[in-house]
Amino acid sequence: MAASVYAADPPGEVRDVEMEGLTLLYHRPSGLTHFLAPPAPQILAALAAGPASAAEIAGRMGELFEIDSEDPAAATAARLAELEAAGLVWRT
Amino acid sequence: MRDARLLVRLLADPACAGEVKDWTSLTAVARSESLIGSLAWRLQGLKLPPRVEALFEAARRDGEAARTQALWEAEMARRALAPLNVPIILLKGTAYAAAGLEAGRGRSIGDLDILVPRSALPDVERALLAAGWEWVKEDPYDDRYYRRWMHELPPLIHRERDRMIDVHHSILPLTARPNPDMESMVEARLPLANGLFTLSPPDMIVHSAAHLFADGDLAGGLRNLWDIDRLFREFEAADSGFRAELWTRAERHGLLPAVARAIRLAHHIYKTPIRCQAPKLKSLNSQGTGEGDGSGFRISAADRLFVRRLLARDGWGRQRRPFTRLGFYVRSHLLRMPPLMLARHLWVKARKTKR
Amino acid sequence: MRHVLRLQVGPVSFRIGSHWRRPVAQLRRLYSGYPEPEGVCDFTVRLEAERPWRRWIRPSVAIRGDYVLPDAAPLPLAQGLLAAEMGMNLQMALGQKRFVLLHAASVERDGRALLMTGDSGAGKSTLGALLGERGWRFMGDEFALLDLEDGRLHPFPRAISLKNESLALFDAVDPGRLGPLLTGTPKGSIRHLRPNVEAVERMKEPARPVMILFPRFGPDLDPVVRDVGAAEAFMRLTQASTNYVALGERGFDALTRFAGALPSRAIDYADTAQAEELVETLWRSA
């Protein structure tokens with residue numbers, strides 16, 4: 001079974017403000033405001049380059065950021081599920 | 001302000017804004033009929049007193065926010081239901097907004113209404129529940145009644161976003177007498193860019209007319225007719241064969257009388273341009289001796305009763321003429337249910353409320 | 001509607017209609033000195049009998065208007081004044097879209113404003129009213145209006161609703177500023193207090209906010225001052241706003257600027273003298 005491929009809105013569709021290590025995110029398509037903690041904003045940043053699977057996203061993040069996790073792919077998949085429920089990410 | 005006449009005149013012809021003396025009353029009437037957003041758009045660009053302009057500017061922005069939220073609900077429903085591969089047809093305000101229609105501008109949009117084929121209902125229900133929607137009511141009788149006779153699932157609400165979705169499989173309850181050709185409606189759907197659909201233009205008006213008369217006691221009727229006026233004008237301007245297609249579709253769905261009445265009322269209230277060439281319409285024109293209004297269109301005594309009911313709002317936003325109101329409520333229930341069923345339903349409902 | 005009052009409060013105006021004379025007469029007296037609105041009124045409130053005979057038989061006041069709560073219980077006629085106040089609050093909570101509406105008290109001194117927000121019962125209302133009697137300009141105790149463009153706070157000096165226990169704190173005020181004693185209300189016995197002359201005269205003057213305060217009142221609490229982080233302040237402010245979501249991106253920008261730029265503090269206190277002291281200390285450092 002092929003791994004799910006995730007996509008996010010392009011960066012121009014959100015407004016974000018950093019406050020004390022949290023990312024406050026205004027999502028234009030929905031009009032909703034989200035509070036994101038790492039690695040959620042990093043996942044969205046990784047998806048700016050185009051749709052990807054959870055493993056690919058973990059890989060992209062590894063190149064862009066320092067990842068402190070025993071199982072980056074599993075942690076990424078868990079966060080992706082939360083982002084999907086929030087409407088910030090969807091499966092293509 | 002004794003009734004809603006000034007409001008409907010202003011909507012039809014914004015240039016007479018200069019005649020308005022009492023903007024506070026006009027605003028109260030508009031708000032009570034959920035037409036403040038539409039009115040704000042109609043008045044945009046006109047020279048208004050500064051405080052009035054500020055009020056309508058806020059109403060326009062509010063309409064934009066409502067539009068964003070409504071289209072987002074549609075998108076989240078699309079994401080939840082995409083794996084099922086069934087056609088999801090948007091209805092009412094969300095459809096007008098999604099299709100960029102004039103009728104969607106400034107429109108207040110409440111719940112998300114979608115239409116799916118009846119056979120898809122169990123799958124749709126399952127998928128929505130799995131994606132975070134939950135039932136609003138938990139009453140076994142209401143649930144049984146709903147599932148068996150109504151044209152929609154019992155209401156669902158999303159647990160995070162707190163927004164409701166109504167899933168329809170027909171545009172009228174199964175117990176109602178006109179029986180629209182739902183397969184044909186689904187087949188005639190038009191695609192949107194995102195994979196969702198809307199009804200075809202004639203079916204949109206047929207649905208709106210059915211909703212106006214059969215699905216309530218004419219509450220929200222002025223807004224419903226405004227939708228029909230805007231839709232009719234836009235579709236007619238784009239396609240000269242539209243009118244003929246509208247009568248054909250209305251007849252196919254057994255709703256020609258409802259559509260004809262809706263168009264006559266829209267013409268009377270909002271001056272929707274109707275020329276009297278439509279033969280079917282002429283023959284349904286009057287069920288009595290109405291006066292002519294110059295267009296060759298005759299409004300019947302029954303139509304006048306509807307107009308009275310529709311305009312019955314005073315400058316405080318209150319509904320006037322309570323006796324007319326009651327008559328319409330009973331009539332609408334009669335349309336939905338045969339008398340014996342109605343008696344049983346009302347009896348059970350009354351009994352339960354007594355508790 | 002036979003009895004009508006038009007009322008201007010800061011940048012917002014109300015048209016209030018009533019089936020009964022008394023609530024409007026009481027309202028007029030409570031708000032004496034307030035200006036008449038010029039032109040259109042932003043909101044309409046209706047105090048009406050639910051059924052025609054309820055005008056006279058066990059009269060009860062249904063609160064209606066441009067914006068309504070469908071299941072709202074009516075109030076007895078004796079509490080008609082409270083019904084009018086609740087009606088105005090409802091229009092603001094459901095219909096105000098020109099400003100970010102914050103459930104907060106605000107006061108101003110030397111051109112700078114202090115915003116106090118928290119849950120009901122946290123004491124912000126009483127504290128705001130008290131500071132208004134102690135040399136601060138009272139701007140409002142129930143709602144603060146944050147400008148979407150320039151981040152200033154607009155006054156909204158409605159009558160202050162005081163519960164029985166708090167009334168003693170205001171026994172030095174001119175009794176002409178007090179409304180009738182209303183007993184048996186959903187909040188017990190209450191009286192309304194009209195803001196002082198300065199608050200009314202300067203109701204059209206916005207002020208630049210410089211501090212956000214989260215006060216918490218409790219008879220057993222030790223007086224404490226804490227810093228509150230900007231992100232927490234932002235979150236609590238969105239919870240204190242009924243119209244944040246409807247305002248979209250402009251609301252996000254206004255509130256992130258507000259919470260991001262201003263220091264936020266929390267204070268716990270057991271009596272108002274302590275609270276005043278804490279506020280003065282904080283203000284010196286602001």
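This note goes through a predicted model point by point, from a pocket to salt bridges and backbone geometry.

1. The second largest pocket. The space in this pocket comes to about 1100 Å³. Its lining is made up of 44 residues. Those nearest the centre of the pocket are C:Ser120, C:Glu142, C:Ser161, C:Lys163 and C:Lys187. Several elements of chain C give two or more residues to the lining: the helices α2 (80-95), α3 (124-133) and α4 (164-167), and the strands β6 (99-109), β11 (160-163) and β13 (188-193). The most is given by α2(C), with 6 residues.

2. What kind of residues line this pocket? Sorted by class, the lining of the second largest pocket holds 19 nonpolar, 15 polar and 10 charged residues.

3. A nonpolar patch on chain A. On the surface, A:Leu64, A:Phe65 and A:Ile67 form a nonpolar patch, and together they have about 260 Å² of accessible area. A:Leu64 belongs to helix α2 of chain A, which covers residues 54-64. Is A:Leu64 buried or exposed? A:Leu64 counts as exposed because its relative accessibility is 55%, and the cut-off for exposed is over 50%.

4. Salt bridges in total. Over all chains, the count of salt bridges is 49. The next points take up some of them.

5. B:Glu53 and B:Arg60. These two residues of chain B form a salt bridge in which the closest N and O atoms are 2.9 Å apart. B:Arg60 has a relative accessible area of 4% and is therefore buried. B:Glu53, at 26% relative accessibility, counts as partly exposed.

6. B:Asp229 and B:Arg233. A salt bridge joins the side chains of this pair, at 3.0 Å from N to O. Where do the two residues lie? Both are in helix α10 (residues 221-238) of chain B, 4 residues apart, which is about one turn of the helix. B:Asp229 is buried, since its relative accessible area is 0%. B:Arg233 counts as partly exposed at 27% relative accessibility.

7. C:Arg64 and C:Glu50. The closest N and O atoms of this salt bridge are 3.5 Å apart. C:Arg64 is in strand β4 (residues 60-65) of chain C, while C:Glu50 is in the loop between β3 (43-48) and β4, so the pair ties together parts that are 14 residues apart in sequence. C:Arg64 counts as partly exposed at 25% relative accessibility. C:Glu50 is also partly exposed, with a relative accessible area of 39%.

8. A network in chain C. Which residues are linked in a network of salt bridges? The network contains C:Glu108, C:Arg137, C:Glu198, C:Arg202 and C:Glu205.

9. B:Asp143 and B:Pro154. In sequence these residues are 11 residues apart, and in space their C-alpha atoms are 6.5 Å apart. B:Asp143 is part of helix α7 (residues 140-149) of chain B. With a relative accessible area of 26%, B:Asp143 is partly exposed.

10. A cis peptide bond in chain A. Most residues other than glycine have a negative phi, and most peptide bonds are trans. The bond that joins A:Pro38 and A:Pro39 is a cis peptide bond, with omega at about 5 degrees. A:Pro39 is placed in the loop between β4 (32-36) and α1 (40-47) of chain A.

11. Positive phi at B:Lys271. The phi of B:Lys271 is near 60 degrees, a positive value in a residue that is not glycine. B:Lys271 sits in the loop between α12 (256-270) and α13 (279-283) of chain B. At 52% relative accessibility, B:Lys271 counts as exposed.

12. Positive phi at C:Asp110. Although C:Asp110 is not a glycine, its phi is positive, at about 55 degrees. C:Asp110 is located in the loop between β6 and β7 (112-117) of chain C. Why does C:Asp110 count as exposed? C:Asp110 is exposed because its relative accessible area is 70%, and over 50% is the cut-off for that class.

Technical notes. Residues are numbered from 1 along each chain as its sequence is written. Chains are lettered from A and ligands numbered from 1 in the order in which they are written. This is a predicted model: local features need pLDDT of at least 70, side-chain atom pairs count only at pLDDT 80 or more; totals for chains, interfaces and linings use all residues. Side-chain values use heavy atoms; hydrogens and water are left out. On a 1 Å grid over the protein atoms alone, a cavity is a set of points where a 1.4 Å probe fits but cannot get out, and a pocket is an open set with protein on both sides within 12 Å along at least five of seven lines; lining residues have an atom within 4 Å of a point. Grid points are joined across faces, edges and corners, and a volume is the space filled by probe spheres set on the points. Ala, Val, Leu, Ile, Met, Phe, Trp, Tyr, Cys and Pro count as nonpolar, Asp, Glu, Lys and Arg as charged, and the others, Gly among them, as polar. Patches are made of residues with over 30% relative accessible area and no salt bridge: like charges are joined within 9 Å, nonpolar side chains (Val, Leu, Ile, Met, Phe, Trp, Tyr) within 5 Å. Accessible areas come from the Shrake-Rupley method with a 1.4 Å probe; for residues, only the protein chains shown count as cover. A salt bridge is a side-chain nitrogen of Lys or Arg within 4 Å of a carboxyl oxygen of Asp or Glu. Buried means under 20% relative accessible area, exposed over 50%, partly exposed in between (1.4 Å probe, protein chains only).
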